Amino acid sequence: RELRAPVVASNRINDPALAEALLARGDADLVSMAGPLLADADFVAKAAQGRADEINTCIACNQGCLDEAFSGRLTGCLVNPQACRETELVVAPARTRRRIAVVGSGPGGLACAATAAERGHEVTLYEAAPQLGGQFNLAARIPGKQEYAATVRHFQARLRGAGATVCTGVSAQAGELAARGFEHVVLATGVRPRAPDIEGLDHPCVASYLDILEGRRVAGPRVAIIGAGGIGFDIAELLTHEDLP
């Protein structure tokens, strides 16, 4: 029997093109979103104005929303620190324009550079790698986490819109920064992996997660992973994924 009640599609619809396709095919009458509106409260307005590349996409990390809600804490969003804190984290135009250098383009550096530029500061962002994103680019290589690349895309659009200067493939040096007369320098160079104090760590068969993710080492057919946190799980997912050659 044909269902006559309106159907609402929900969950992991974080792209306006996907939402439009569901409606156009007749798969649903309405589309429901939750996380995507935490990630970007202007999602609908940007989609309607043809500014989809500026949407801060929900990456399904659950760290700021579900993890917090299940623990009885205030819901937030990993990619949008203002979510549910709009009256606390108020971004206003700068009263005095400053020359600011941001070193490192992981999520922290990207957010700092974009926000400072949008406030009216003269911002230069330095990244030693050929592309922006820092270690977020490594996360995007894990099967199922490809959407992490959308966060970098979002910040690239914001940097362009705010007129920030972006220098990739450039390792910022203290002397150069001083010579260019920056009034403030923000170090956002990320973290380095901790080397555990384990005998045999220097064995030829031992590799770090960075070695594997960046392709400097190739894992053999039998692998032991030490550490069952998020990174250990991600490496296991990468090595066991059926699409790997």
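**Figure 1. Helix 10 packs against helix 9.** In this predicted model, the buried residues of helix 10 are in contact with helix 9 (209-213). Contact means heavy atoms within 4.5 Å. Buried means under 20% relative accessible area, exposed over 50%, and partly exposed in between (1.4 Å probe, protein chains only). Helices (H or I, at least four residues) and strands (E, at least two) are DSSP runs, numbered from the N terminus. Helix 10 spans residues 230-240. Its buried residues are Gly 232, Asp 234, Ile 235 and Leu 238. They lie on the same side of helix 10 because they cover an arc of only 160° around the axis. The arc is that of the directions from the helix axis to the C-beta atoms. Gly 230, Phe 233 and Thr 240 are exposed, on the face turned away from the buried side of helix 10.

**Figure 2. Strands 3 and 4 run parallel.** Strand 3 covers residues 99-103, and strand 4 covers residues 122-127. The two pair in the parallel sense, over five bridges. Two strands pair if DSSP finds at least two bridges between them. Ala 101 stands opposite Thr 124 of strand 4. Val 102 has Leu 125 as its bridge partner in strand 4. Both strands are mostly covered: four of the five residues of strand 3 are buried, and five of the six in strand 4.

**Figure 3. Leu 201 sits in a loop.** The loop runs between strand 6 (184-187) and helix 9. Leu 201 is partly exposed, with a relative accessible area of 36%. Leaving out residues up to four places away in sequence, Leu 201 touches Ala 195, Pro 196 and Val 206. Glu 20 is 181 residues from Leu 201 in sequence. In space, the two are 52 Å apart, C-alpha to C-alpha.

Figure 4. Most residues other than glycine have a negative phi. Phi of Asn 11 is near 80°. Asn 11 lies in the loop between strand 1 (8-9) and helix 1 (16-24). With a relative accessible area of 65%, Asn 11 is exposed. Asn 62 has a phi of about 65°. Its loop lies between helix 3 (43-48) and helix 4 (66-70). Asn 62 is partly exposed, at a relative accessible area of 32%.

**Figure 5. The chain around these views has ten helices and six strands.** Along the principal axes, its C-alpha atoms fill a box of roughly 70 × 60 × 35 Å. Of the 245 residues, 31% are buried. Among contacts between residues at least 6 apart in sequence, 55% join residues at least 24 apart. The chain exposes about 15,500 Å², and carbon and sulfur atoms supply 53% of that area. Accessible areas come from the Shrake-Rupley method with a 1.4 Å probe; for residues, only the protein chains shown count as cover. There are 24 positive and 28 negative side chains. The centres of the two sets lie 5 Å apart. Lys and Arg count as positive, Asp and Glu as negative; His and the chain ends are not counted. Each charge is placed at NZ of Lys, CZ of Arg, CG of Asp or CD of Glu.

**Notes to all views.** Residues are numbered from 1 along each chain as its sequence is written, and side-chain values use heavy atoms, without hydrogens or water. Local features need pLDDT of at least 70, and side-chain atom pairs count only at pLDDT 80 or more, while totals for chains, interfaces and linings use all residues.
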